[in-house]
Amino acid sequence: MFKIASLSARRLSRRPGFPVTVRPTRSDVVVARSIARNTAPAPELVARALTWGADEKVLLALAAVGWLASRGCATPLRRAGNHALLVTVAASLLPHGLKLVFEQTRPDRRTVIGHVHGVPISGKREDAFPSGHALHMGALASGASALPAGPRRAFLALAAALSLTRIVIMAHWASDVVAGFALGAVLERALRLWTGYPNGVSTEDDHANS
């Protein structure tokens, strides 16, 4: 009886626990080392300032203001306001939940030369995966698909640029940003089923330019 209990305890101890450790890929390490060696205080300062554009607190405030402004508008704008607020709230909560399940050391905690060249220290040490900033930007880029071609491309470029700042300041590995961006896009599309936000890609400007 004792032997059976002992074997069961050993098997349980071998089961993977939480949080799950995520390790950077070889490409992640190459990119991070290149940034650490070639960056400088000035570009790091600029990237650090720009990355606030994807911060959840800033986006929540903007979404709340947009929602309030849409209350007196026509139904499509009210629906867009509802959708934007819901997506922003969900995109703020999801990364916090995922970071309870996964842990990964940020690249800025694994460099000395990077800090010499101006790389700042970002957030909690083990909260690299996924990038919450990139998740917000993926949701923004996905939501912009309902806009005409001009604004759609502008939002996509903005979302990509702000996501890349997370790699430049070494707050996240490149794969964390890619994963976050993809999760944000999936989240935004899933929430369309609830909010009724327009599906598909607008072709309004595409027809005008053809």
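Me: Where does P130 lie?
Reply: P130 lies in the loop between α6 (113-116) and α7 (132-143). Helices are DSSP runs (H or I, at least four residues; strands are E, at least two), numbered from the N terminus. This is a predicted model: local features need pLDDT of at least 70, side-chain atom pairs count only at pLDDT 80 or more, and totals for chains, interfaces and linings use all residues. Residues are numbered from 1 along each chain as its sequence is written, and side-chain values use heavy atoms, with hydrogens and water left out.

Me: What is omega for the cis peptide bond from F129 to P130?
Reply: Omega is near -10°. Most peptide bonds are trans.

Me: Why does H172 count as buried?
Reply: Its relative accessibility is 2%. Buried means under 20% relative accessible area (exposed is over 50%, partly exposed in between; 1.4 Å probe, protein chains only). So H172 is buried. H172 sits in the loop between α8 (149-168) and α9 (174-195).

Me: How do you know that M170 is buried?
Reply: Its relative accessible area is 3%, so M170 is buried. M170 lies in the loop between α8 and α9. Phi of M170 is positive, near 60°. Most residues other than glycine have a negative phi.

Me: What makes α5 oblique to α9?
Reply: The axes of α5 (residues 75-101) and α9 come within 10 Å and cross at roughly 135°. Axes are lines fitted to C-alpha atoms, for helices over the stretch in contact; angles run from 0 to 180 degrees between N-to-C directions. Under 35 degrees is roughly parallel, over 145 roughly antiparallel, 65 to 115 roughly perpendicular, and the rest oblique. Therefore α5 is oblique to α9.
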